[in-house]
Amino acid sequence: MTSFSAGHSGPSKAPRQGFWTRHPAQVAPDLIGWEVLVDGVGGRIVETEAYHPEDPASHTFPGPTPRNAVMFGPPAHLYVYRSYGLHWCMNFVCGAEPGGAVLIRALEPTAGLEIMRARRGFEPARALCSGPGKLCQALAVTQAQNGLSLEAPPFALREGRAGAVVAGPRIGLTKAAEVPWRFGEAGSKFLSRPFPKV
């Protein structure tokens with residue numbers, strides 16, 4: 001596990017193209033501490049994973065398909081896919097070249113908790129968004145939002161900070177599982193699972 005300080009830019013500048021047109025492994029840790037809201041419901045991003053088009057674990061590694069077309073489109077858009085036929089997962093398209101994205105793995109709920117509980121069941125706050133499928137259910141993100149701009153309603157992105165970010169291997173992969181492109185806020189109780197200790 002690697003630990004480093006998270007650096008963030010200054011005041012929000014829509015459309016923030018300079019932020020999004022970087023390698024996904026640079027964008028992913030910088031998103032930790034940002035707040036994402038969907039129709040006013042959401043929270044602080046505390047866990048992400050990066051995926052690059054040359055990464056065997058990425059949906060875009062085989063090339064463009066109808067399923068991954070949004071990832072080959074402009075940055076700062078939402079790519080939504082269904083995992084194992086069960087759960088929606090949301091990704092922020094980014095990269096200096098087409099085909100990159102950051103999977104949003106966990107949020108610290110900050111807005112609309114009662115709405116989230118109604119959607120997810122009356123769970124403790126720490127369990128509402130502690131995984132990519134959970135947070136999509138809590139925020140009502142589905143295929144309907146696939147391809148929408150992150151810089152326009154129903155989305156609101158607010159830049160924020162994390163005290164420190166940790167990095168480690170990604171979760172649930174059969175290819176390139178050892179690549180340390182999973183990032184999280186150090187000490188957060190809202191992660192999908194703890195990071196391995198050194």
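Predicted model: local features only at pLDDT ≥ 70, side-chain atom pairs only at ≥ 80, totals over all residues.

Biologist: What makes H5 a helix that is mostly covered?

Modeller: A residue counts as buried when its relative accessible area is under 20%. H5 spans residues 132–139, and six of its eight residues are buried, so by that cut-off the helix is mostly covered.

Biologist: Which residues of H5 are the buried ones?

Modeller: They are Pro132, Gly133, Leu135, Cys136, Ala138 and Leu139.

Biologist: And what do the buried residues of H5 pack against?

Modeller: Contact here means heavy atoms within 4.5 Å. The partners include four strands, namely S2 (35–38), S3 (41–51), S5 (87–94) and S6 (100–111). Helices H3 (113–120) and H4 (125–128) are partners too.

Biologist: Let us turn to the largest pocket. Which element gives the largest share of its lining?

Modeller: That is H5 again, with five residues. S3, strand S4 (78–83), S5 and S6 are also among the elements that each supply at least two residues of the lining.

Biologist: How much space lies in the largest pocket, and which residues lie nearest its centre?

Modeller: The space comes to about 900 Å³. The lining has 41 residues, and Tyr81, Ser83, Tyr84, Cys89 and Gly172 lie nearest the centre.

Biologist: What classes of residue make up that lining?

Modeller: There are 20 nonpolar, 13 polar and eight charged residues. Gly counts as polar in this scheme, whereas Tyr and Cys count as nonpolar.

Biologist: Now the whole chain. Why does its radius of gyration agree with a compact globule?

Modeller: For 198 residues, a compact globule would have a radius of gyration near 16 Å; the protein chain has 15 Å, so the two agree. Along the principal axes, the C-alpha atoms fill a box of roughly 40 × 40 × 40 Å.

Biologist: How many residues of the chain count as buried, and what is exposed?

Modeller: Of the 198 residues, 53% count as buried. The chain exposes about 8800 Å², and carbon and sulfur atoms supply 57% of that area.

Biologist: What elements is the chain built from, and in what order do they run?

Modeller: It has five helices and nine strands. From the N terminus on, they run β-α-α-β-β-β-β-β-α-α-α-β-β-β. Among contacts between residues at least 6 apart in sequence, 60% join residues at least 24 apart.

Key: Residues numbered from 1 in each chain as written. Heavy atoms only, no water. Buried < 20%, exposed > 50% of the residue type's maximum accessible area, 1.4 Å probe, protein only. 1 Å grid on protein atoms, 1.4 Å probe; cavity = no way out; pocket = protein on both sides within 12 Å on 5 of 7 lines; lining within 4 Å. Points joined across faces, edges and corners; volume = space filled by probe spheres on them. Rg over C-alpha atoms; globule rule 2.2 N^0.38 Å. Areas by Shrake-Rupley, 256 points an atom, 1.4 Å probe, with all protein chains shown as cover.
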